[in-house]
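Keep the structure in view as you read.

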Amino acid sequence: MAKSKKILKKIGILTAGGDCPGINAAIRGVGKTAITEYGMEVYGISSGFLGLIEKDFTRLEENHLSGILTFGGTILGTSREKPYKKDSAGSQKTDKPKQIKKNYQEMGLDALVCIGGNGTMRTAAMLAEEGLNVIGLPKTIDNDVFGTDLTFGFDSAVWIATDAIDRLHTTANSHKRIMVIELMGHHAGWLALYSGIAGGGDVILIPEIPFKEEVVANYLLKRAMNKKPYSIVVVAEGINKPKGISAANHISQSIQKYTGLETRETILGYIQRGGSPSPMDRILATRYGAHAVELIAAGKFGNMVASINGKITSIPLSEVGNKLKLVPADSPLIEKARKMGISFGDR
Ligand code: F6P
């Protein structure tokens, strides 16, 4: 009799942290590969780590995974539950990690796929340290997960933000105004940088590059004097600014104060995280999902799936936790943009 390649395993999937386009494509990639290629049982855990604490899960059969490729959000739901977080007194009412371990065992799971951003990878690494068979899948529109060149969700968000900037161009031109657009990114400016370049932004302000308000103002005045009657300023939400004001409002007020030029601001907000994933995100999420199952089948636990120089590979979760992938000051894209006269507000 021919040897069967099927290894029976039960795997759980959860999605944690902020959502983004492509999560369902990843769930589908994991689930279909696990069921079709390896004959595994797949369980979808609700609302991130909360579902694992509360033992809230459902079996995902192949038919549950059909038709979800193009859906935004996550069919499993998500939460920002951080099971290792202590209260201000340094304790927890219930020992959540212990509860998670207990439920993982009671569910009979052989592996757990955690789809999320930095915070999720940190929790996944801690659970792996405690002996759970964990695989991480990096997703976020911020593209700031350490150890991978790309997270899915980023490409879709760049499309959405670029489209928004394109639209601002036409109204800016009609009214001869300065348009400030704020994009997501608390610590990392990848989204503002890529969308800013793709959308033809004149000024791009990101958290990694300290800017001076006067430099931005002088640059915009110079443009106005050079018969460029409108300008687009792309700002990441995490730039240095006073507390209690949005990045867009702060920059807009500062521009008006220093230049007297008519300025308007737009905060794109959660639109950046919603809707159908781009084709590239669908492909990346599918590849990540399939690779996660290959790692499980090979028993290579405690790893995060990653894309490095275009190759899908993996990196130990222990090397990922507590680190962020920020835009390097010597980024070739920034260097090229500077040579074209785009300002980053620093010189
Ligand atoms: O998904 C990452 C991110 O989009 C950040 O850029 C943003 O600041 C944050 O999530 C806000 O998400 P929430 O309001 O869901 O916590």
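Aspartate 346 and arginine 338 form a salt bridge, with their closest N and O atoms 2.9 Å apart. The term means a side-chain nitrogen of Lys or Arg within 4 Å of a carboxyl oxygen of Asp or Glu. Aspartate 346 counts as partly exposed because its relative accessibility is 21%. Arginine 338 is partly exposed too, at 22%. Here buried means under 20% relative accessible area, exposed over 50%, and partly exposed in between (1.4 Å probe, protein chains only). Elsewhere, salt bridges that share partners link Lys55, Lys102 and Glu106 into one network.

This is a predicted model: local features need pLDDT of at least 70, side-chain atom pairs count only at pLDDT 80 or more, and totals for chains, interfaces and linings use all residues. Residues are numbered from 1 along each chain as its sequence is written, and side-chain values use heavy atoms, with hydrogens and water left out.

How many salt bridges does the structure hold? There are 13. The table gives three of them.

| Pair | N to O distance |
|---|---|
| Aspartate 346 and arginine 338 | 2.9 Å |
| Aspartate 202 and arginine 223 | 3.1 Å |
| Lysine 339 and glutamate 335 | 3.3 Å |

Take aspartate 202 and arginine 223. Both are buried. Helices (H or I, at least four residues) and strands (E, at least two) are DSSP runs, numbered from the N terminus.

Lysine 339 and glutamate 335 share helix H10 (residues 332-339). They are four residues apart, about one turn of the helix. Lysine 339 is exposed, at 65% relative accessibility. Glutamate 335 is partly exposed, at 38%.

Now the surface. Arg80, Lys82, Lys85 and Arg122 gather there in a patch of positive charge. Such a patch takes residues with over 30% relative accessible area and no salt bridge, and joins like charges within 9 Å. Lysine 82 lies in the loop between strand E3 (57-60) and helix H3 (96-106). At 41% relative accessibility, lysine 82 is partly exposed.

Last, a pair of strands. E10 (residues 303-308) and E11 (residues 311-316) run antiparallel, joined by six bridges. Strands pair if DSSP finds at least two bridges between them. Which residue in E11 is the bridge partner of isoleucine 308? It is lysine 311.

Conventions. Patches are made of residues with over 30% relative accessible area and no salt bridge: like charges are joined within 9 Å, nonpolar side chains (Val, Leu, Ile, Met, Phe, Trp, Tyr) within 5 Å. Accessible areas come from the Shrake-Rupley method with a 1.4 Å probe; for residues, only the protein chains shown count as cover. Lys and Arg count as positive and Asp and Glu as negative; His and the chain ends are not counted. The place of a charge is taken as NZ of Lys, CZ of Arg, CG of Asp or CD of Glu.
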